[in-house]
Amino acid sequence: DLNALIQNVRSFREFVGEQFRIIAVIKADAYGHGARKCAEVLEKDNVDMFAVAIPEEGILLRDAGVTKPIICFGGFWEGQEESAFSHNITPVIIDLENAKSLDRVARKHKAVIPVHLKIDTGMGRVGFRKEDIRSTASALVELTGLRVEGLMTHFAAADDPSQAEFTQIQIQRFENALETFREFGHRPEFIDLANSPASVTGPPPMGNALRPGGLLYGLEDYISIPDIPRPSVTPVLSLFSRIAQVKTIPAGESIGYGRSFTAARESLIATIPIGYADGLPRSLSNKGHVIVNGRRVPIVGRVSMDWTTIDVTDLPAAARGDLVTLIGRDGDEHISAVDIAQIAGTISYEITCGVTARVPKFYNLPYQ
């Protein structure tokens, strides 16, 4: 639903204020929503930059005609620099070796490449640690093929009030790093700390750029604190299948791998052609629900690679070809990616990212 996507980014912009630049995170095929189409829409509406995880994602967007700046969180591996440079993709630098290899490419082309630097203030994954900040800032002065366009970090627990002290420690470490880089003459234009949860639930957003991700797609379990002000967002993705076959089985007969479901009564069982190879979690076996003809019905038996069985005994009119809603609304019933994630013991991001390439995607046309 591209209209929902547009409204979500507008709602976020209104919530945080016009003083921030918006970096729309569109990695992982826009969290499973289709990066090319989402970028095409977002480029025209209220975002300043896109963020991807790997160069190939950025190249795909460039090939699709995206012209706004694109930063690559994962930087470039050796051998990727030339292609990323030619497609005007801005790397996030995580170590000096990365920086030196890019500097060589820049010098070869007699160019200056803008880069963003990742500061590890406590997330512990990638980036420059606090004890290396001064030496890094000094070394980058000598790499004249690079220009420090942005400085960024990532909060570990900004949405958790019980860890507010650690969040403040991360903020202080970042401020110290920024001061050091400025001391060495670097003038980053993008000061970027906050993702979706930090933009909404954490301390007041700092810097001048925010990078919403799941929030753009209406995935609200990024907010773990109830009853706080937040942007009004709507889920963008719905997921559908259709009934392929309906059969009657007697009481006592089992269904699926491992015979994990046995009918307690004569039952009407419908099979739908979607499974864990399409992104429907196997952990929904005998736990999840779908919606058929406006009624919620249970998944029974194991979710397999290509098929899932549902119990439509209480819907005797269910027939081959009937629409099945796995994520979305049908009548008064609604199932969200958040609902599925709670059953599966994960987060909604993993659910939507898990929708695989063999599932065709259809988009409405956004209004102007």
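Reader: How many residues has helix H6, and how far does H6 reach from its first C-alpha to its last?
Author: A quick note before that: this is a predicted model, where local features need pLDDT of at least 70 and side-chain atom pairs 80 or more, while totals for chains, interfaces and linings use all residues. Residues are numbered from 1 along each chain as its sequence is written, and side-chain values use heavy atoms, without hydrogens and water. Helices (H or I, at least four residues) and strands (E, at least two) are DSSP runs, numbered from the N terminus. The expected span of a helix is 1.5 Å times one less than its number of residues. H6 (residues 96–108) has 13 residues and reaches 18 Å, close to the expected 18 Å.

Reader: Which residues of H6 are buried?
Author: Buried means under 20% relative accessible area, with a 1.4 Å probe and protein chains only. In H6 the buried ones are Asn 98, Ala 99, Ser 101, Leu 102, Asp 103, Val 105 and Ala 106.

Reader: And how many aromatic pairs are there?
Author: Rings of Phe, Tyr and Trp (its six-membered ring) pair if their centres lie within 6.5 Å; planes under 30 degrees apart count as stacked, over 60 as edge-to-face, the rest as tilted. That gives two aromatic pairs. Tyr 31 and Tyr 217 have ring centres 5.1 Å apart and planes at 35°, so this pair is tilted. Tyr 31 sits in helix H2 (residues 27–32), 186 residues from Tyr 217. Tyr 31 and Tyr 349 pair edge-to-face, at 5.2 Å and 65°.

Reader: Which residues form one aromatic cluster?
Author: Tyr 31, Tyr 217 and Tyr 349.

Notes. Buried means under 20% relative accessible area, exposed over 50%, partly exposed in between (1.4 Å probe, protein chains only).
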